[in-house]
Amino acid sequence: MSISWMPQSWTPQATDDGSFTFFSDAFGEAFHSTKGARAEAFEKFVAATDLVRRARGDRLCLLDVCYGLGYNTAAALETIWHLNPACQVEVYGLELDLTVPQAAAQPSILQGWSEPVQTILLALAQTQAYQGPNLMAHLLIGDARQTIQSLAALPVQADAILFDPFSPRRCPQLWTVEFFQQVARCLALGGTLATYSRAASVRTALLQAGLSVGSIPLTPGEALPHEWSQGTVAGFPGTTLPPLTQMEQEHLHTRAAIPYRDPTLCDLPEQILERHAQEQATTALESTSSWRRRWQLH
Ligand SMILES: C[S@@+](CC[C@H](N)C(=O)[O-])C[C@H]1O[C@@H](n2cnc3c(N)ncnc32)[C@H](O)[C@@H]1O
């Protein structure tokens, strides 16, 4: 695995809700859950950042970390304007590979969104910017570890951060304490970051970046026996978040909770994984398998 990537041709793959995803050869992972790419955008990102409540306000700022096909931005805009068409929205998307949003700018993938949102996704893919009566949007192409720093300097203060990199094992550089510190600089007081990851290492990294964390609870009836959460929400201390269960809190005292580190924000993934493995090998923390046994997670 390496940060440089080979251009790939993107073939749309249908997910269970009829929306499409891509598979990345470089990261060895699909962009979305097979259960439904579009559903994931609404359930894990829009709902978890409380956009229905936030849309009552006059203006909102969104930060979409790992823009990809733009589903999270699209689902957020559909939700906000359905409730409050006058809401003025600012969107910043961060994406490494421009060929992804460009490949997603085709009718079969865009068709699930309203016409105004399709126009916005097309403009972002073609010119990386869109300006309209109720939206100013920018797509910053490059390694998010660098582009985030230019946003923090503006400064951008996002009410909702839609945090959607590939998984920590595949893309550790975007789940480190140091990267979350930069992301936290772009979070408004009272704002919420949401991510699909429920990993203890991710939650510890968010805590060490100065944020409080909460859980995205499972949808009743849909959970598998070994699952305990749909993801993580974070905000500055004092933000109301769904609390972690006792089981999740204890997870933060196990080896799995050792966070990834990238002190200069430019290490290779291999270096970050190696540093992490060394720290795990020498820690006195409880083993994660003993935590699993205690909570009967098989
Ligand atoms: C899981 S996909 C995101 C899916 C996306 N949110 C969507 O709705 O389609 C991860 C995305 O992160 C991008 N990516 C990978 N490494 C990155 C980096 N260092 N900086 C910015 N984006 C990166 C990939 O190109 C990919 O588009």
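**Notebook: sheet, ligand site, pocket and cavity**

I looked up the sheet and found an open one of 8 strands, in the order S7-S8-S6-S5-S9-S10-S12-S11, with mixed pairing. Strands S7 (129-132) and S11 (212-216) are at the edges with a single partner strand each, so one side of each has no neighbour in the sheet. From one strand to the next the twist averages 15°.

I note that this is a predicted model, where local features need pLDDT of at least 70 and side-chain atom pairs count only at pLDDT 80 or more, while totals for chains, interfaces and linings use all residues. Residues are numbered from 1 along each chain as its sequence is written, and side-chain values use heavy atoms, with hydrogens and water left out.

My terms for the sheet: strands (E, at least two residues) and helices (H or I, at least four) are DSSP runs numbered from the N terminus, and two strands pair if DSSP finds at least two bridges between them.

I then checked one pair. S5 (residues 59-65) and S6 (residues 88-95) pair in the parallel sense over 7 bridges. Leucine 60 stands opposite valine 89 in S6.

Next I looked at the ligand. I found 18 residues around the ligand, the closest being Cys66, Leu69, Glu95, Ala144 and Asp164 (a heavy atom within 4 Å). I also listed polar contacts (pairs of N or O atoms within 3.5 Å). A ligand nitrogen atom is 2.8 Å from a polar backbone atom of cysteine 66. A ligand oxygen atom is 2.8 Å from a polar backbone atom of leucine 69. For aspartate 143, an N or O atom of the side chain is 3.1 Å from a nitrogen atom of the ligand.

I looked up the largest pocket and read a volume of about 680 Å³. It is lined by 38 residues, and Phe31, Cys66, Asp164, Pro165 and Phe166 are the closest to its centre. Strand S4 (29-30), helix H3 (71-83), S6 and helix H7 (144-153) each give at least two residues to this lining.

On a 1 Å grid over the protein atoms alone, a pocket is an open set of points with protein on both sides within 12 Å along at least five of seven lines; in a cavity a 1.4 Å probe fits but cannot get out, and lining residues have an atom within 4 Å of a point.

Last, I looked at the largest cavity, which holds about 40 Å³ of space. Its lining is Tyr67, Leu69, Pro101, Ala104, Ala105, Leu110 and Leu121.

Note on methods. Points joined across faces, edges and corners; volume = space filled by probe spheres on them. Axes fitted to C-alpha atoms, helices over the stretch in contact; angles between N-to-C directions. Polar contact = N/O pair within 3.5 Å; in protein donor to acceptor, adjacent residues only side chain to side chain.
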